[in-house]
Amino acid sequence: MLETPAMAAKEAAAAAELVELLSPAAGQAAREGAAEAALALSGDAAGRRLLAGQPAAVAALLELAAGPSPPAARHALGCLVNLSAEPAAREPLLAALPALLGLLPGGPACGVLANLCRERGAARRVLRGLREGGPGLEPLLQALGQPRPPSQLGPLLCNLSQLPEGRRGLLDRSRCSVQRLLPFTQYQDSVVHRRGVVGALRNCCFEYEDHEWLLSEEVDILPFLLLPLAGPEEFPEDEMERLPVDLQYLPQDKQREEEPDIRKMLLEAIMLLTATKAGRHTVREKGTYLILRELHRWEREPAVLAACEKLIQVGKRIPGGRWMGLQGAELLRGLCPASAPPLGSLQRALGGLPPACSPSLSFPPPSWEKVLIGDEPGPGMENLLEVNIPEEVEQQLQRLDREEEEEQERWRREQEKRDSTPRSEELSQ
């Protein structure tokens, strides 16, 4: 429905009244009620736009968020989390950055800053504010040691790690920063926090200079990326011995990561670690293909299957030499540092379809004996993230991608048709 001038005037009058009730002159009880009303108003897009257009309301909410009244602060912070997802509110909130940083590492403050930091310019300002106000990311990293870290902390770290300077903070070897993130790839108390931490780890894997260190015993990132992708499958003894200790003899009730987007990010992180020669060697030697083989048989989400097969295909389609390196470089170039989904105090966490242990669809099985960076690329291609791809070669590789997708789609349709056809034993019953 189109907004009429009369409706606009009514909304403006209501907003002005709300601003008046949020001001210190209104008294504590009135301010608490107004903050609660503002929180309810921020629950939909129209309300957020209305509040974002009232700088005085945003300023009053920020004052209440840092004030002595717990109910008013709780309502104000919830409203600010919702408002921070609105582009029009970005500048008023960033103008109050010192006040917001002073509320860290509280969960709602993390939520406000996480939403603001989805935009890289804002993330840069937040990082600068953290450095100028103290020891950078350290207060956020210390909060990871709490019995129940704020669920919004993971998305904030993820969004800050979009930037090289954010990744450098998480990869600070003197503070063991990235090691503090690793246990949360299996964290069950908050999918929002888990998603954010996995996103931050994935972003850190763009720093190829640190790959050898990340895969070394000092950090040992690979088991933490593989364990959420592993199921309860049993392996023959010779295969079991190839796996890291943490992935051997998993219990029969072992569950894979239930969120498809998190499984996809874990696969992409491993794929980034295969950009360098040392990374490819370690990933191959740790029996990674065994976990991917079983995941591929189990997985039913097309986007996750595609990520799994891309990881496999960093050396599969045309083995050996320059072509193999160019293919791997082209696949890696399709990745970029990512931000976490927007947060809202009234929004449910973004979820995925429940996993299924026996998927009804399957793709043509890859040649597992040759998988996972089968042959090394040619000379000068040890680091696939630094390879320049000639335009004509890129076009040819994109054509191969399209043909492969079409082949997968044919297999999918045939499998669906086969599954929908009653079997002879069923017809005879």
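A residue is called buried when its relative accessible area is under 20%, exposed when that area is over 50%, and partly exposed in between, using a 1.4 Å probe and counting protein chains only. By this rule Cys204 is buried, with a relative accessible area of 1%, and Cys110, at 0% relative accessibility, counts as buried too. Cys204 is in no disulfide, and the nearest cysteine sulfur, belonging to Cys205, is 7.0 Å away, where a disulfide is defined as a pair of cysteine sulfur atoms within 2.5 Å. The count of disulfides by that rule comes to zero.

The model is a predicted one, in which local features need pLDDT of at least 70 and side-chain atom pairs count only at pLDDT 80 or more, while totals for chains, interfaces and linings use all residues. Residues are numbered from 1 along each chain as its sequence is written, and side-chain values use heavy atoms, with hydrogens and water left out.

Turning to the chain as a whole, 50% of its 429 residues count as buried. The chain has 24 helices and zero strands, where helices (H or I, at least four residues) and strands (E, at least two) are DSSP runs numbered from the N terminus.

The chain averages a pLDDT of 81, and 76% of the residues score at least 70. Confidence is highest in helix H16 (residues 221-226), at a mean of 98, and lowest in helix H24 (residues 424-427), at 45. Where pLDDT is low, the predicted coordinates should not be read in detail.

Notes
pLDDT is the predictor's confidence in each residue, from 0 to 100.
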